[in-house]
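Open the model in your viewer and keep the sequence panel beside it. The stops below say what to select and what is there.

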Amino acid sequence: DEHYHLSLELFNLAAKCAFMNAEHDRLKMLTEQIMHNARCFEDKFQAISVTVTLLNWSGNVPAAVELIRTTLSSLDEELPSAVTPTVVKKHLDNTKKQLALLTDDTLLSYLTMVDPSKLFAVQLLVKLYGSLTLIGERATLRIIPLKVIQLSLTYGMSPHSPSAFAQYGNYLALIRYEFEEGYRYVKLALSLMKKTASRAHDGSTIFWSAHTRLHVEPMQSSIECYFDAFKAHMKSG
């Protein structure tokens, strides 16, 4: 067992190095070895993640989307194949119903998500959002933040939860014109961000929050939020 875990860690690190050095053939060989020899699905998570990123960066976005969808299905977090207005409304109504029972203080005191499979599912959902944006498949984009929020309410807050709440607030304010409620969740997102131990995703949360803030707060101050998001992104690498 000791040798197995050491080998797995070394292969994952080698795959990351190959990715950063643009050694795509070597990366493919390393990830194939991990996928073949991993003892459980959880041990494949890092290899799947780096493969998705490689597919996106190399222009094979449809393959990245398919890999994400297949993996989400294996994690019992499958998204609907066809997202109609009825499907969006169902996800929105479910999310609203769950949140209606919770105060901001309750949400801010939520436990942290610790289940590795659910953390990976959230990570994949965020990657899927980026992939679908690249190919212009907008319908599914609307339910991804709702799915992240639903996972957060069930299994605890993840590092991506603040951004999902910010996107949810934008949808309420800018699509449904529920500005008061939307602004509430934008402010909640920023408060959740400050309570999160990692600073890796602050840029995304600040960026998404700025859209609604631009319509509610004085423009002179809210427009600076975009520059704050840029600085946060640069700081996190």
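**Before starting**

This is a predicted model, in which local features need pLDDT of at least 70 and side-chain atom pairs count only at pLDDT 80 or more, while totals for chains, interfaces and linings use all residues. Residues are numbered from 1 along each chain as its sequence is written, and side-chain values use heavy atoms, with hydrogens and water left out.

**Stop 1: the core**

Select Leu72, Leu99, Leu107, Leu128, Phe165 and Tyr168. Of the 46 residues in the largest nonpolar core, these touch the most other members. A nonpolar core here is a set of buried Ala, Val, Leu, Ile, Met, Phe, Trp, Tyr and Cys residues joined through side-chain atoms within 4.5 Å. Buried means under 20% relative accessible area, exposed means over 50%, and partly exposed is in between, with a 1.4 Å probe and protein chains only.

Next, colour the helices that give two or more residues to this core: H3 (45-57), H4 (61-74), H5 (85-100), H7 (116-135), H8 (144-155), H9 (161-175) and H10 (179-195). Which helix gives the most to this core? H7 does, with eight residues. Helices are DSSP runs (H or I, at least four residues), and strands are too (E, at least two), numbered from the N terminus.

Now centre on Leu107. Leaving aside neighbours within four places in sequence, Leu107 is in contact (heavy atoms within 4.5 Å) with Leu99, Leu102, Leu153, Met157, Phe165, Leu188 and Leu192.

**Stop 2**

Select Pro145, which lies in helix H8. Pro145 is buried, at 7% relative accessibility. Beyond four places in sequence, Pro145 is in contact with Tyr129, Ala164 and Gln167.

Move to Arg69 in helix H4. Is Arg69 buried or exposed? Arg69 is buried, with a relative accessible area of 19%. Not counting residues up to four places away in sequence, Arg69 touches Leu79, Pro80, Glu137 and Thr140.

**Stop 3: salt bridges**

A salt bridge is a side-chain nitrogen of Lys or Arg within 4 Å of a carboxyl oxygen of Asp or Glu. By this rule the count comes to twelve. Select these examples:

- Asp93 and Lys89: their side chains meet at 2.8 Å, N to O. They are four residues apart in helix H5, so about one helical turn separates them. Asp93 is partly exposed at 35%, and Lys89 is exposed at 51%.
- Arg176 and Glu178: this salt bridge is 3.1 Å, N to O. Arg176 is partly exposed at 37%, as is Glu178 at 24%.
- Arg184 and Glu181: the closest N and O atoms are 3.3 Å apart. Both residues lie in helix H10, three residues apart, about one turn of the helix.
- Glu77, Lys118 and Lys147: these are linked in a network of salt bridges.

**Stop 4: a surface patch**

Finish with Leu6, Leu10 and Leu13, which make a nonpolar surface patch of about 280 Å². Patches are made of residues with over 30% relative accessible area and no salt bridge; like charges are joined within 9 Å, and nonpolar side chains (Val, Leu, Ile, Met, Phe, Trp, Tyr) within 5 Å. Accessible areas come from the Shrake-Rupley method with a 1.4 Å probe, and for residues only the protein chains shown count as cover. Leu10 is in helix H1 (residues 2-20) and counts as partly exposed at 49% relative accessibility.
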